[in-house]
Structures are given as structure tokens and as C-alpha cells.
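Dear colleague,

Please find below a structure that I am handing over to you. I would be grateful if you could look through it alongside the notes that come after it.

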Amino acid sequence: MATLIGLLPGDGIGPEICREAQRVLNAVSAQSGRQFEVREGLIGGAAIDATGEAFPADTRALANEADAILLGAVGGPKWSNPEAAVRPEQGLLDLRAAMGVYANLRPVRTHAALYSASPLKAERLKDVDILVVRELTGGIYFGDKQRDADSATDVCRYTRAEIERIVRMAGDFARSRRGKVTSVDKANVLDTSRLWRSITDEIFASDYADVELETLLVDAAAMHLLSRAADFDVIVTENMFGDILTDEASMLSGSLGMLPSASLNADRGGLYEPIHGSAPDIAGQGIANPCGTILSLALLLRFSLGEDELAETIEQAVLNAVAAGHRTGDIAEPGQPAISTSAMGDAILAALPA
Ligand code: NAD
């Protein structure tokens with residue numbers, strides 16, 4: 001039976017960038033002889049327009065059945081009324097919950113061809129290859145909340161089980177990379193962080209003695225990410241710290257449009273999406289950068305389907321296309337003409353090995 005990939009293009013630039021990812025998947029499938037069935041579904045604003053729900057039953061069934069999901073983006077001004085009964089973002093939260101994903105992975109690599117797109121100096125960008133592993137289900141975003149006219153409370157809570165599974169995942173990834181994990185917390189102030197640190201120390205001492213463990217406070221980590229990014233291998237951290245640090249780390253690579261992400265569950269099933277949103281300001285113009293989505297497809301092939309070789313082929317093709325000077329507007333050099341979304345797709349297809 002062919003592997004089933006659910007494709008949820010969503011809103012804004014989602015359909016444009018997903019189309020290019022699908023062309024790349026078709027090409028590597030034809031070249032390698034691997035069979036992939038791709039089935040499309042609705043999510044977000046597009047689903048609200050068609051069905052009144054942001055995560056309709058058909059999409060839920062697809063998420064249950066599929067081996068992995070590739071998503072474009074959701075949201076946009078058409079559905080942004082805060083009083084609306086259904087919002088596109090709820091579709092994404094429901095999808096994550098239905099898939100049971102608890103780890104968000106963001107690889108951040110720098111490439112000489114894109115140094116000029118980053119606000120940082122080139123010497124700070126050399127040899128950066130980081131995998132940020134962010135806990136996705138606990139912490140302050142999901143704790144009890146209270147609010148009255150003059151005060152508000154957000155509870156930050158973590159359990160041993162939540163910490164253990166994410167820290168172990170980081171250790172496992174480090175073993176297949178450069179063998180180092182940096183655990184980021186705020187153990188000088190927060191009890192959740194003290195629990196996080198003691199469990200991490202315990203697990204690494206007993207089960208990951210072959211992996212180097214470094215521990216950093218989140219404020220220091222924010223600084224070190226800019227001053228010595230190349231020293232990091234795997235970074236593991238809780239939900240809110242990860243949310244903030246991953247956006248900071250994205251600036252090392254230059255453009256939002258280049259970066260992929262993966263959200264994994266216990267079976268390594270996953271949801272794959274570029275880190276950017278639906279970019280309503282450029283939607284429908286055919287100028288969005290499809291690289292983040294195509295690189296998300298590569299992560300899908302690697303993490304959920306075990307197709308490391310195909311993943312590498314795609315990553316190399318994206319790199320080669322960019323290095324050869326093919327650039328959408330967000331990564332173009334000053335004065336360089338920008339190419340369209342489909343022309344970027346063409347360049348990546350042409351860079352695949354024959
Ligand atoms: P955004 O990431 O959509 O856009 C920020 C800026 O980056 C815009 O100028 C946009 O044109 C540019 N940009 C983003 N992706 C690009 C690409 N691939 N190529 C070229 N340029 C690109 O963030 P925003 O404007 O804050 O949010 C827009 C909508 O997206 C909102 O409705 C928001 O809720 C939603 N959103 C969705 C997700 C998601 O689906 N996971 C994530 C973030 C934001």
C-alpha cells in the first residue's frame with residue numbers, strides 16, 4: 001500500500017507554496033520509484049468558508065489515516081474578527097491535538113549563499129547547524145488562567161512525564177547528530193525549571209552518558225544564540241522559551257520563507273509546515289518563497305517515513321538552487337531581480353539529480 005501523505009494547503013500563500021512541494025514530491029517519487037498517495041484536505045479559513053468549521057470531520061479522518069501531514073499555513077484578515085465563533089487558528093490547534101504531537105522541531109542551518117539575507121555578521125553565521133526541540137503541550141500556554149479587571153494569572157505547570165519524553169527525544173536526536181544537547185531553563189527562578197533540570201540531569205546520567213549535556217539559563221541562551229551559534233547542536237526547552245528562541249534562531253538563516261518545522265508524536269507521525277504564516281500581504285501574487293514548505297517535505301520524508309536519502313536529495317536541491325542565484329523577493333540580494341514561486345519550484349526541480 002502506498003504511503004499516505006495528507007496535504008492541507010490552508011489559506012493565503014498556503015496553496016501556492018504547497019503546489020511547489022507537491023511537484024517536488026512527484027519528481028522524487030518518479031525518480032526513486034517510491035509510491036506516495038497524496039490526499040488533500042481543508043483547514044483554517046478555507047475550511048470555515050466551505051464547511052463552517054476550521055477542522056472539519058473529513059480533515060480529522062485524513063489526519064487519523066495519513067502517515068504524515070504537510071500543511072501550508074492558516075489565517076488571514078478575512079477571518080480575523082476576534083468575536084468570530086470559529087477562527088482558522090483553532091483548526092491548527094485541533095489538528096495538533098488530534099495528532100497528539102508534543103515536540104516541535106526546527107532545524108536552523110546557515111549557508112554561505114544566504115549570509116547576506118541575515119541581519120547578523122557573516123562571521124557569526126559560519127557552520128551553524130542547530131536542531132531546536134521545543135515542548136509543545138505544557139507550560140504557561142496551557143496552564144489555568146484567571147483574569148479580573150486589575151490582575152491576571154497564567155499558571156506554568158509541567159509533569160515528569162512531559163519533561164522525560166521531550167528530553168529523551170532530544171538525546172536520541174543528538175546521537176544521530178554531533179552528540180551534544182543544550183537544555184535551556186530558568187532554574188534560578190522557576191520551580192518548573194528546577195524540576196526540568198533535575199529530570200534532565202538524571203536521564204542523561206543514566207541513559208545518555210554518551211551525549212554531552214550543557215545547561216543554560218534562557219536569558220544567557222538568547223545571548224549565546226547570537227554570539228556563538230555554531231557551538232550548539234540540539235537545544236531542548238519548554239514551550240514558551242522554545243517559542244521565543246526559535247523565532248530568534250530563525251534570523252540566523254535570514255528569511256522566514258526558508259525555514260521548515262516538524263511536530264512529532266510518540267510514533268514519530270507528524271505535522272510538517274513552514275514556520276511562516278499565510279502572508280496575506282503577498283497571497284495570490286505568485287511571489288512567495290516555497291523553500292520552507294519544500295524543506296518541510298524533506299523533514300516529513302526523513303522523520304515520519306524514514307526516507308533519509310530522498311530528504312537529503314531535496315535539501316541539497318534547494319541549497320543548490322539558492323546557491324546558483326535563484327531567489328524569490330524575500331531572499332534576493334539588493335538590486336537582484338526576484339523570481340516567482342513557480343520559477344523557484346522549477347529551479348529546485350532542475351537541481352534534483354537526474
Ligand atoms: P507571516 O509569516 O504570514 O508574514 C510575515 C511577513 O513575512 C510578511 O511580510 C510576509 O509577506 C512575509 N513572508 C512570510 N512567508 C513568506 C514566504 N514564504 N515568502 C516570502 N515572504 C514571506 O506572519 P503574519 O503576517 O504575522 O501573519 C499572517 C497570518 O498568518 C495571520 O493570520 C496569522 O495568524 C497567520 N499565521 C499562521 C501560522 C501557521 O499557519 N502556522 C503561523 C504564523 C502566522
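The model is predicted, and local features need pLDDT of at least 70, side-chain atom pairs count only at pLDDT 80 or more, while totals for chains, interfaces and linings use all residues. Residues are numbered from 1 along each chain as its sequence is written, and side-chain values use heavy atoms, with hydrogens and water left out.

An open sheet of mixed pairing is formed by 10 strands, in the order β2-β1-β3-β12-β11-β4-β5-β10-β8-β9. Strands are DSSP runs (E, at least two residues) and helices likewise (H or I, at least four), numbered from the N terminus; two strands pair if DSSP finds at least two bridges between them. β2 and β9 (212–217) stand at the edges with a single partner strand each, so one side of each has no neighbour in the sheet. Strand β1 (residues 3–10) pairs with strand β3 (residues 68–73) in the parallel sense over 5 bridges, and Ile5 stands opposite Ala68 in β3.

Helix α10 (residues 308–323) has 16 residues. Its buried residues (under 20% relative accessible area, with exposed meaning over 50% and partly exposed in between, for a 1.4 Å probe and protein chains only) include Leu310, Ile314 and Val318. Seen down the axis of α10, the buried residues fall within an arc of 155° (taken from the directions from the helix axis to the C-beta atoms), so they line one face of the helix. The face turned away from the buried side of α10 carries the exposed residues Glu309 and Ala323. α10 is followed by Gly325, whose phi is positive, near 100°.

Yours sincerely

Methods
The expected span of a helix is 1.5 Å times one less than its number of residues.
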